[in-house]
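Please look over the model shown here. How are its chains built, and where do they meet?

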Amino acid sequence: MSTASILDIQDLSVDIPTDSSTLHAVRGISLELKRGETLGIVGESGSGKSMTALALMNLLPPAARRQASCIDFDGSDLTHATERELASKIRGQRIGMIFQEPMTSLNPVYSIGRQLKETMTLHRKVSDAEAEKRAIYLLEKVGLPDPASRLKQYPHELSGGQRQRVMIAMALMNEPELLIADEPTTALDVTIQAQILHLLRDLQREFGMSMILITHDLGVVSRAADNIAVMYAGDIVETGKTAEVLENPCHPYTKGLLECVPGYQGHSQQRLGAIPGIVPAMTGEISGCAFASRCPRAADVCRTTNPPTKKLHQGRYFVCHEPEIEQGEGTAEQPVGSERTGKTDCRGAEDILTVDHVSCTFSVRRGLFGKRKPLQALDDVSLTLKKGEVLALVGESGCGKTTLTRTIMGLQAPSTGFVTLNGQRIGNLPPMERARMIQPIFQDPYSSLNPRKTIGEIIAKPLVVHGIGSTQEQHQQVRKMMELVGLPSRVFNSYPDQLSGGQRQRAAIGRALILNPEVVICDEPTSALDVSVQAQILNLLLDLRDELDLTYLFVTHNLSVVQHMADRVAVMYLGEIVECGERDQVMSSPKHPYTHALMDSALSISPGESVPDPGLSGDFPNPMNRPNGCPFHPRCPIAGQQCREQAPGPELIDNTLVQCWKAKTAGSQLKP
Amino acid sequence: MFNYILRRGLMALLVALTVSFGTFALFHFATDPAQTIAGEDAPQEMVDDIREQYGFDRPVSVQYGDWLGSALQGDFGQSYFWKQPVVELIKEHAKVTIVLALSALGVTILIALPLGISAALKPNSWVDRFALSTAVSAQAIPNFWLGLMLIILFSVTFPIFPVSGDATWKHYVLPALVLGASSVPAVMRLTRTGLLDVLSSDYIRTARAKGFVGYRLILQQAMRNALLPIVSVLAVQLGHKLGGSVVTESVFSMNGLGRLAVESIFNSDIPTVQSLILIFVLTFVLLTLAADLINAWLDPRIRMG
């Protein structure tokens with residue numbers, strides 16, 4: 001190991017014994033991290049990346065067994081260190097760790113201040129006042145406003161983004177030499193993600209810290225990591241400098257992952273290069289390449305013999321029998337990015353759904369004797385959906401997306417305004433009639449399917465409710481639908497928990513489409529899925545639209561999905577549509593400063609580029625305390641006097657509807 | 001915090017009033033108090049006289065208001081059977097029950113918490129198995145049988161403790177063991193599952209990553225979270241002990257509230273039964289309130305909710 005290395009792992013394995021056999025979560029990986037650098041570990045869920053991170057400081061679940069020939073951290077051997085040695089010398093002191101789940105990773109019964117300070121006082125002889133000073137200093141560094149008063153607050157009083165910032169501050173209390181960040185931004189909105197990645201970069205420069213960044217988001221690693229290790233089924237299949245790996249992937253899995261990312265190559269609404277199948281569970285004896293079952297290039301040798309590790313040059317390895325090198329792009333057997341046929345141009349199409357000046361106000365009472373306060377979830381929202389188009393609705397959590405979709409589906413009566421579907425008011429339609437025309441697909445395929453019903457029963461349910469056809473006919477229709485959404489017919493009698501996430505989402509889509517609706521509301525339909533499965537589902541949704549002549553309202557926070565799917569985009573902020581227009585207009589030349597910040601925060605895969613600073617001050621406001629004037633003005637970099645006093649109305653500029661006093665000039669003012 | 005206490009306090013009061021009115025009304029509809037006082041075979045005129053004299057002919061709500069008014073001033077009326085003020089009766093018996101219940105609670109805590117914690121720290125170890133079998137046996141063995149066995153062993157074979165009565169502290173040892181043992185299974189299992197839950201939580205993983213280990217991890221990070229459900233269950237268990245230790249009191253011939261309640265019911269002594277029900281309800285309500293307040297103190301989410 002060279003002196004420049006801070007971490008050297010050789011042959012690390014993690015096994016988890018199960019009832020019937022042993023799950024090989026990590027299978028003999030080796031890694032090296034140089035001082036001051038960032039190593040990105042990427043892979044889908046189940047690839048073993050989190051297990052690797054936990055294994056370093058032996059924080060694995062009790063049942064897991066760890067083995068390694070060497071875990072060398074700055075000259076000290078962590079392989080044979082006891083729990084007490086790790087706790088007293090390494091954990092929290094020399095290696096800090098940030099976990100994925102900000103909502104549950106802080107102790108709910110102790111104040112932020114106590115949790116920050118104890119990290120320091122546990123390891124060093126410092127006074128309470130000194131620890132407090134450090135805590136305030138770091139909270140300020142991580143961009144939490146008013147840090148001194150935060151110390152008295154409890155985790156539940158903070159938002160997810162704020163909690164994650166506290167987690168980061170906590171990991172940095174003792175100036176660790178190595179920071180392990182496990183999906184530090186996955187649960188957060190894009191603008192906050194950009195802020196936090198930006199911050200980690202700054203802190204790393206300041207403290208000379210090394211970092212292991214674990215993520216499934218290739219956009220994030222492409223900008224934040226110096227080196228990258230791609231993990232698949234517990235093994236590192238490819239590693240090297242970030243730019244080299246992403247620009248010239250050798251392993252078919254790396255290539256497949258990249259092609260799954262919407263907007264990485266080709267044009268929108270083209271077929272994404274989905275990797276078929278799912279990550280296999282690595283149990284029992286393994287022979288051959290773990291990726292062979294999903295690999296388009298797999299030969300016989302791949303299924304029988306373990307693939308060799310090939311070295312391109314120092315620090316650039318991959319593990320494959322049939323690598324994709326020196327063949328140039330696009331020679332793959334199955335052309336990816338093939339042109340879709342039958343793409344409809346919906347500019348002249350008729351309006352199928354209209355949202356007309358809809359406002360929605362809830363009154364919320366805090367406590368038994370508290371005063372009722374109005375919460376304006378939607379404020380004068382107008383939208384139209386043209387037949388056959390995909391309208392993307394984007395915005396941060398809490399902006400009113402869900403209320404709007406509920407109102408559109410007729411599940412929530414608007415306070416003022418109305419929604420019309422095919423010229424008829426939603427509120428006047430009988431519920432059965434309404435359900436026939438408009439159907440939802442939800443975010444979480446794990447909780448949106450009844451676990452006690454078979455897939456066949458679930459998909460047939462709408463037919464049963466509506467009393468359509470005999471049982472025989474219903475079965476026939478369900479089987480046809482299953483074929484259409486790509487479900488094998490053998491799962492007809494399976495229960496949801498026997499299916500993978502992607503298959504469940506297919507079942508949910510089947511259930512939504514069985515009544516032959518005209519409008520489908522897709523509420524983050526892929527955000528719970530891995531990128532390879534997301535690509536499969538997005539392909540399916542676009543195919544179905546062409547085949548069945550559907551219209552989608554696509555709610556998402558993932559801008560590369562928007563770029564891929566949408567014909568038009570509507571941007572929501574605090575219950576208002578602040579900008580709405582053609583996708584390319586909105587995404588490449590945004591008019592509203594908020595849209596601008598959102599687009600800036602989107603991290604496309606571009607190695608070498610840094611994480612942009614979205615330039616938004618403060619957090620997403622509490623909808624209970626709407627600011628006066630333009631609701632965006634407290635966070636807006638170009639807000640003026642008028643913005644603080646008067647709310648702007650909608651204005652049509654270049655065919656885009658914008659609500660901003662400075663929309664005409666914003667473009668020039670915001671460009672860096 | 002003040003709002004929280006006020007809210008919980010008012011709720012508690014409402015529950016107590018509802019239950020006491022319910023039982024009051026039930027008694028007046030189900031039995032004829034005048035008939036009871038006069039005796040089964042008394043002539044109708046005498047019953048009518050008594051009814052008028054005691055005011056039983058007035059509407060139930062008026063009678064309830066009357067009774068509640070005096071109860072609030074500490075006057076629970078006159079016992080029909082023992083022919084003395086109910087307050088005196090309750091005072092005599094309450095001491096025994098309170099001492100017994102509190103020492104039984106102590107027994108429960110001393111056995112259940114350590115067992116539960118050690119079982120959670122080493123799940124599926126011999127400690128865990130031992131704790132589980134203790135819980136199952138304590139659950140399966142009836143109170144009266146355990147009481148009799150203890151008497152045979154510690155009062156007859158080895159005469160260390162007295163057989164029955166409530167005169168000295170020695171009289172309380174065996175009954176407290178019996179009564180305490182009955183709550184051990186619930187509290188022990190709850191401690192175990194609660195602590196196991198907390199120990200597998202994300203914030204404990206965070207604490208371990210910060211360098212917490214051993215007793216500090218348990219006491220400074222996990223315990224406060226694990227205590228929340230235990231506090232609630234202990235309050236209910238203490239309530240049971242204060243109100244329902246009839247069997248134990250009978251086996252050891254102790255003159256507590258449980259026995260008083262049973263005897264009053266057998267003798268249709270309505271004023272005593274009514275007052276006891278009011279006291280049991282109030283005890284339960286106050287204990288639940290206390291548990292809520294302790295939990296609010298332990299957990300900021302409840303405090304600020």
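## Basis of the model

This is a predicted model: local features need pLDDT of at least 70, side-chain atom pairs count only at pLDDT 80 or more, and totals for chains, interfaces and linings use all residues. Residues are numbered from 1 along each chain as its sequence is written, while chains are lettered from A and ligands numbered from 1 in the order in which they are written.

## Chain A

Chain A has 22 helices and 25 strands. Here helices (H or I, at least four residues) and strands (E, at least two) are DSSP runs, numbered from the N terminus. The C-alpha trace spans about 75 × 65 × 50 Å along its principal axes. The radius of gyration of chain A is 26 Å, which agrees with the value near 26 Å for a compact globule of 672 residues. That radius is taken over C-alpha atoms, and the globule rule is 2.2 Å times the number of residues to the power 0.38.

Of the 672 residues in chain A, 50% are buried. Buried means that 20 or more other C-beta atoms, placed from the backbone, lie within 10 Å of the residue's own. Of the contacts in chain A with a separation of 6 or more, 68% join residues 24 or more positions apart. A contact requires C-beta atoms, placed from the backbone, within 7 Å.

## Chain B

Chain B has 15 helices and zero strands. Its C-alpha atoms fill a box of roughly 85 × 55 × 30 Å along the principal axes. Of its 305 residues, 35% count as buried.

## Where the chains meet

The contact takes 25 residues from chain A and 21 residues from chain B. On the chain B side, α1 (2-30), α10 (202-210), α11 (214-243) and α15 (300-304) each supply at least two residues. The largest share, eight residues, comes from α10(B).

By class, this side of chain B has seven nonpolar, six polar and eight charged residues. Ala, Val, Leu, Ile, Met, Phe, Trp, Tyr, Cys and Pro count as nonpolar, Asp, Glu, Lys and Arg as charged, and the others, Gly among them, as polar.

## A helix pair in chain A

Helix α7 (residues 190-207) and helix α20 (residues 593-601) of chain A pack at about 55°, with axes 8 Å apart. V190(A), T191(A), Q193(A) and A194(A) of α7(A) meet A597(A), L598(A) and S601(A) of α20(A). The contact has four nonpolar, three polar and no charged residues.

Definitions and conventions
Axes are lines fitted to C-alpha atoms, for helices over the stretch in contact, and angles run from 0 to 180 degrees between N-to-C directions. Two residues are in contact if their C-beta atoms, placed from the backbone, lie within 7 Å. A residue is buried if 20 or more other C-beta atoms lie within 10 Å of its own, exposed if 12 or fewer, and partly exposed in between; C-beta atoms are placed from the backbone.
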